[in-house]
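Take a moment to look at the sequence and the structure below. Then we can walk through a few parts together, one at a time.

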Amino acid sequence: MSQKNELTHDAPKLTLVDRIDIIKNHRLFPVIFPLSMLVVIFLIFIVLTGGRFADTRVLTGVFNQSLIVATMATAVAFIYSTGNIDISVGNVMGLAACLGALAYQVTQSMTVMIVVTMAVGIVLMMFNCVLGLVFNVKSAMVAIVAMSVYGAITSVLVGAEPIGVDFKACKVLEGNFRYIAFVLYFVVCLLAFSRTAIGRKLRFIGGNENCAEQTGINRKKAIATSYIFAGIGVGLAGVFQVLRTGNVAQTIGSGMGMDVMLATVLGGMSIFGGAKSNTFAGFVGAVTVTVLNTGLLMIGVPSTLIQGFRGVFFLILVFLNSERQKTLPSRQQF
Amino acid sequence: MKKLLTILLSLMIVIGLAACNNSGSTPSGEGDVSGKSYKIGVVEVMLNDESVIRSKYFKEYIGPKYNVEFMFSEACTDLDSVMKFIENAAVSGCDAILNYYAVGANSEQLALLCQEKGMILVENGGRNAANEEAYKNYTDTYAGGFMADQPDTGRLFREYLEANLDPTVEHNFIVGTGGAYQGNAQQTEISINMLTALQDVYGLKYDKTIQELIESSSPIEATNDKGIAIYCYPGHATAEGWLPGLSAALQTGTYDYVLMSGNVIGNIGTVISEAEAVLNKDITVVGFGSFGDALSNAMHTLDQFGNPTVSMSTVKFTTLVSAMGFAKAYNALTGHNEVNIDTDGAAFTHLFRMNAVTSAAELDEMGSWDKDNDSWVADYSVVDSFLAEKTPGLTAQQFQENIYAVNYESIKARMQ
């Protein structure tokens with residue numbers, strides 16, 4: 001007994017940095033930390049607004065405003081988990097919504113609009129995937145080209161005036177349809193990613209694609225699957241966008257690829273994929289951004305300062321949450 | 001240690017936010033309007049001289065006097081961001097929205113959104129076929145629009161070009177059509193009048209119609225039977241690639257006149273100077289502007305040929321326009337919505353007239369106005385003349401007459 005005590009006594013003491021590293025390396029840390037931060041921000045705003053921030057109207061608003069980016073971020077998690085990056089999702093969503101709105105103008109049918117938007121979302125994401133896999137071009141490069149091409153096509157199709165969709169018809173679907181569709185998609189993604197071979201294969205590929213292939217995983221097939229899941233989500237986001245605004249303007253979706261990436265990182269997921277990837281990080285991140293925007297406005301921070309506050313906060317959050325590799329990155333992105 | 005530092009920084013931000021909350025611009029109640037206080041959300045589309053003046057005018061001058069608090073948006077670049085701000089303004093306790101984002105066909109949608117949130121909506125824009133429903137069916141919460149008298153603004157540009165362009169001397173032009181392709185009424189009128197003036201001065205005939213030229217969302221050469229190079233260049237200075245595109249066009253050396261329908265004078269000065277220096281060529285700029293440092297610098301800065309960077313600009317008095325929007329919202333909030341209703345029962349669009357400035361001296365005279373609380377063009381006497389609460393029996397038409405009464409001569413007399 002005394003010998004054991006002596007051994008423990010002689011063991012090197014853990015420094016604060018070591019202890020923090022142990023906590024950060026815990027498998028649940030990427031889940032708990034962003035959620036905790038979200039809860040803390042939320043509570044701070046409740047206090048600063050005298051409880052008004054907990055009002056149902058505010059919560060509904062936060063959810064509605066987060067929905068589009070959250071859906072896309074959930075979708076793109078499948079691609080990010082494999083170590084691939086696609087920042088063209090905003091433009092894919094824009095072009096899908098544009099064609100969906102045009103289909104509505106021709107048929108005056110919301111069903112057709114939804115089907116066309118979803119189909120275009122899937123087809124365009126698959127097109128990105130095929131370009132990457134068949135021509136062996138890195139996904140990031142494909143995405144950069146796709147952004148310009150899809151953005152230009154959208155611009156030409158939309159023309160001078162935004163394409164209108166009867167917003168009264170949109171309002172009928174805006175509420176329950178959006179919520180049900182999102183929850184269904186989110187749950188399916190969650191289960192597929194964490195409880196099936198699909199998610200395991202994608203995470204494995206993201207960790208080390210050579211090892212994954214040597215264990216018999218068909219890399220191309222798995223990545224194609226990830227783009228199909230992403231395409232469904234991006235198409236769905238396009239439908240949500242049309243339902244929310246009732247129109248499609250030239251600028252639709254531009255810059256949204258970066259918003260999705262920001263949401264993913266704020267939600268605690270590495271955009272370089274791997275074993276710790278998950279599908280709910282984007283949702284948490286998107287809600288965090290919206291909570292900040294709404295909360296800062298409600299407590300009276302001038303709009304000119306909000307961007308600065310947001311930037312500083314994101315920087316701190318990412319700094320606390322990110323892993324800094326002690327070795328060179330093992331994966332070439334370009 | 002670094003982690004502790006970040007936590008400390010976070011705490012500092014939180015404390016800072018709390019401080020901001022307490023140091024807001026809530027009116028202190030020192031105004032002469034007793035009773036209820038109001039909060040108005042302002043949707044901004046760009047952060048420039050105009051928005052800075054507007055913010056100062058509203059917060060420091062209008063707010064305390066009329067018991068109104070103002071909340072400003074970040075620069076809203078699309079309908080979704082406008083809707084988000086309106087939703088956030090509603091939960092922040094706003095009673096009305098002053099919208100500077102041109103929504104075209106979506107007025108009804110925003111009117112409905114504001115109606116659902118129990119807010120008054122006033123828009124910087126006018127009645128047209130696309131937003132007829134909003135003007136007719138939402139008059140209880142939709143207080144209509146306010147905008148420049150666009151044909152009058154276009155006329156100022158046309159008259160200047162017709163008076164200053166010598167038809168015997170050939171020039172080549174870049175015509176910045178701005179947001180005309182998106183339906184921006186002001187930039188549409190100015191672009192049409194600029195192209196019409198060139199047509200009249202040189203007696204040329206375009207291969208395409210002027211409407212087709214200004215509706216193009218991509219740059220287009222306005223080819224014509226006289227062979228004069230006229231390059232229609234759409235878009236906004238804030239758009240990615242717009243300035244480099246303009247610079248590239250100038251660097252070809254073809255163009256020596258830049259006619260801009262949008263408020264871009266503050267953005268294009270550098271590329272104009274660069275082109276002049278590289279090409280050793282005088283480039284004349286005519287454009288829409290607003291009082292502030294950007295226009296002042298442009299008028300006072302002489303290029304290497306001894307000419308001001310901008311030769312002519314139309315200007316508006318920001319506080320006059322702001323006061324119009326505020327008055328419409330305030331009249332509706334104080335139960336005098338009849339001042340916002342036209343004779344046909346639809347919401348009324350109130351108009352203001354622009355002024356042309358062609359020299360630094362002229363600008364200096366007008367530019368000394370609208371600077372601070374002692375020089376606002378729309379002072380309390382002007383604002384009161386727009387408010388039914390202060391001017392009993394005010395009608396929409398009289399409100400309009402009172403706006404037109406605030407012109408260069410009347411302001412000059414008052415300022416002296």
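**A walk through two chains**

With a relative accessibility of 0%, A:Ser226 counts as buried, a word used here for under 20% relative accessible area, while exposed is over 50% and partly exposed is in between (1.4 Å probe, protein chains only). This is a predicted model, in which local features need pLDDT of at least 70 and side-chain atom pairs count only at pLDDT 80 or more, while totals for chains, interfaces and linings use all residues. Residues are numbered from 1 along each chain as its sequence is written, chains are lettered from A and ligands numbered from 1 in the order in which they are written, and side-chain values use heavy atoms, with hydrogens and water left out.

Where does A:Ser226 lie? Its place is helix α12 of chain A, residues 219–245. Helices here are DSSP runs of H or I with at least four residues, strands are runs of E with at least two, and both are numbered from the N terminus. Setting aside neighbours within four places in sequence, A:Ser226 is in contact with A:Phe78, A:Ile79 and A:Leu202; contact means heavy atoms within 4.5 Å.

Next, turn to the surface of chain A. A:Val130, A:Val134, A:Phe135, A:Val137, A:Met141 and A:Ile144 form a nonpolar patch there, with about 540 Å² of accessible area together. Such areas come from the Shrake-Rupley method with a 1.4 Å probe, and for residues only the protein chains shown count as cover. Like charges are joined within 9 Å, and nonpolar side chains (Val, Leu, Ile, Met, Phe, Trp, Tyr) within 5 Å. Helices α6 (110–134) and α7 (139–158) of chain A each give two or more residues to the patch. A:Met141 is found in α7 of chain A, and A:Met141 counts as partly exposed because its relative accessibility is 38%.

Now move to chain B. Is helix α4 of chain B, residues 107–116, mostly covered or mostly open? This helix is mostly covered, since eight of its 10 residues are buried. Among them are B:Ser107, B:Leu110 and B:Cys114. Just after α4 of chain B, B:Gly118 takes a positive phi of about 70 degrees.

Finally, chain B has two assigned domains: domain 1 (34–148 + 318–353 + 379–415) and domain 2 (151–315), with bounds from an automatic or database domain assignment. Their centres, taken over C-alpha atoms, are 31 Å apart.

Terms used:
Patches are made of residues with over 30% relative accessible area and no salt bridge: like charges are joined within 9 Å, nonpolar side chains (Val, Leu, Ile, Met, Phe, Trp, Tyr) within 5 Å. A salt bridge is a side-chain nitrogen of Lys or Arg within 4 Å of a carboxyl oxygen of Asp or Glu.
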